[in-house]
Amino acid sequence: MRFDKVATRLIERLQATLSETVPDGMTVLLTITAPIRVPSKTDAVLEDRIHTLLGRGTTGRDENDTIHGNRVQIRLLRDECERAPKMIGFVHNADSDPLCL
C-alpha cells in the first residue's frame, strides 16, 4: 500500500489540514480500506468527521463508518507529549483487520 498514490495523497492531505486544527497533545489515528474510492469526497467527509470528533473532545473511542465505500475507523488519542504527531493514517486491504493496527 505504500506505493498507492491515491492513498498516499489522501493521508498527506489530511495530515497537512489537521496539523493546524488538532490541539497539541492529541493525535488522530485513522484506518481506511484500500482501494480508496472517490478520494476527494472521502477526504472532505473524513475532515468533517474528524473536526466533529475534535469538537466533542472524546478520546479513546472508535468512530467506525463506511464513507463512499471505504471502511474507516477514527480514534482520538491524548498524549502528554506536545511533539506527538497530529495525525497517523493507516491504509489496509479490505481483508485485513484494522483493530490489529
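In this tour, a residue is called buried when its relative accessible area is under 20%, exposed when that area is over 50%, and partly exposed in between. The structure on display is a predicted model.

**Whole chain**

Of the 101 residues, 36% count as buried. If contacts are displayed, consider those with a sequence separation of 6 or more: residues 24 or more positions apart account for 73% of them.

**Strand E1**

Select residues 26–34, which form strand E1. How many of the residues of E1 are buried? The count is 9 of 9, and the strand is thus mostly covered. Show the side chains. Met26, Val28, Leu30, Ile32 and Ala34 point one way from E1, while Thr27, Leu29, Thr31 and Thr33 point the other way. Residues of both sets are buried.

Strand E3, residues 70–78, pairs with E1 in the antiparallel sense over 7 bridges. Strand E4, residues 87–93, pairs with E1 in the parallel sense, also over 7 bridges.

**From E1 into H2**

Move to the end of E1 and select Ala34 and Pro35. The peptide bond from Ala34 to Pro35 is cis, with omega near 0°. Pro35 is found in the loop between E1 and helix H2, which spans 39–56. Continue to Val38, which is found in the loop between E1 and H2. Val38 has a positive phi of about 45°, although it is not a glycine. With a relative accessibility of 39%, Val38 counts as partly exposed.

**His68**

Where does His68 lie? Select this residue in the loop between strand E2 (62–67) and E3. His68 is another residue other than glycine with a positive phi, here near 50°. Is His68 buried or partly exposed? Its relative accessibility is 38%, so His68 counts as partly exposed.

**The helix pair**

Now select both helices. Two packed helices are described by the angle between their axes and the distance between the axes. The axes of H1 and H2 come within 11 Å and cross at roughly 35°, and the crossing is right-handed.

**Salt bridges**

Side chains of opposite charge can pair when their charged atoms come close. How many salt bridges does a search of the whole structure find? The search finds 3.

Keep the helix pair in view for one of them. Asp43 forms a salt bridge with Arg13, and the closest N and O atoms are 2.9 Å apart. This pair links distant parts of the chain: Asp43 is in helix H2 and Arg13 in helix H1 (residues 5–18), 30 residues apart. Asp43 has a relative accessibility of 8% and counts as buried, whereas Arg13, at 34%, counts as partly exposed.

Then select Asp24 and Lys86. These two form a salt bridge whose closest N and O atoms are 2.6 Å apart. Asp24 lies in the loop between H1 and E1 and Lys86 in the loop between E3 and E4, so the pair ties together parts that are 62 residues apart in sequence. Lys86 counts as buried, with a relative accessibility of 17%.

Finish with Asp65 and Arg49, which form a salt bridge with closest N and O atoms 2.3 Å apart. Asp65 lies in strand E2 and Arg49 in helix H2, so this pair ties together parts that are 16 residues apart in sequence. Asp65 counts as partly exposed at 29% relative accessibility. Arg49 also counts as partly exposed, at 28%.

Definitions and conventions: Residues are numbered from 1 along each chain as its sequence is written. This is a predicted model: local features need pLDDT of at least 70, side-chain atom pairs count only at pLDDT 80 or more; totals for chains, interfaces and linings use all residues. Side-chain values use heavy atoms; hydrogens and water are left out. Buried means under 20% relative accessible area, exposed over 50%, partly exposed in between (1.4 Å probe, protein chains only). Contact means heavy atoms within 4.5 Å. Helices (H or I, at least four residues) and strands (E, at least two) are DSSP runs, numbered from the N terminus. Two strands pair if DSSP finds at least two bridges between them. A salt bridge is a side-chain nitrogen of Lys or Arg within 4 Å of a carboxyl oxygen of Asp or Glu. Axes are lines fitted to C-alpha atoms, for helices over the stretch in contact, and angles run from 0 to 180 degrees between N-to-C directions. A crossing is left-handed if the near helix is turned anticlockwise from the far one by less than a right angle, and right-handed if clockwise.
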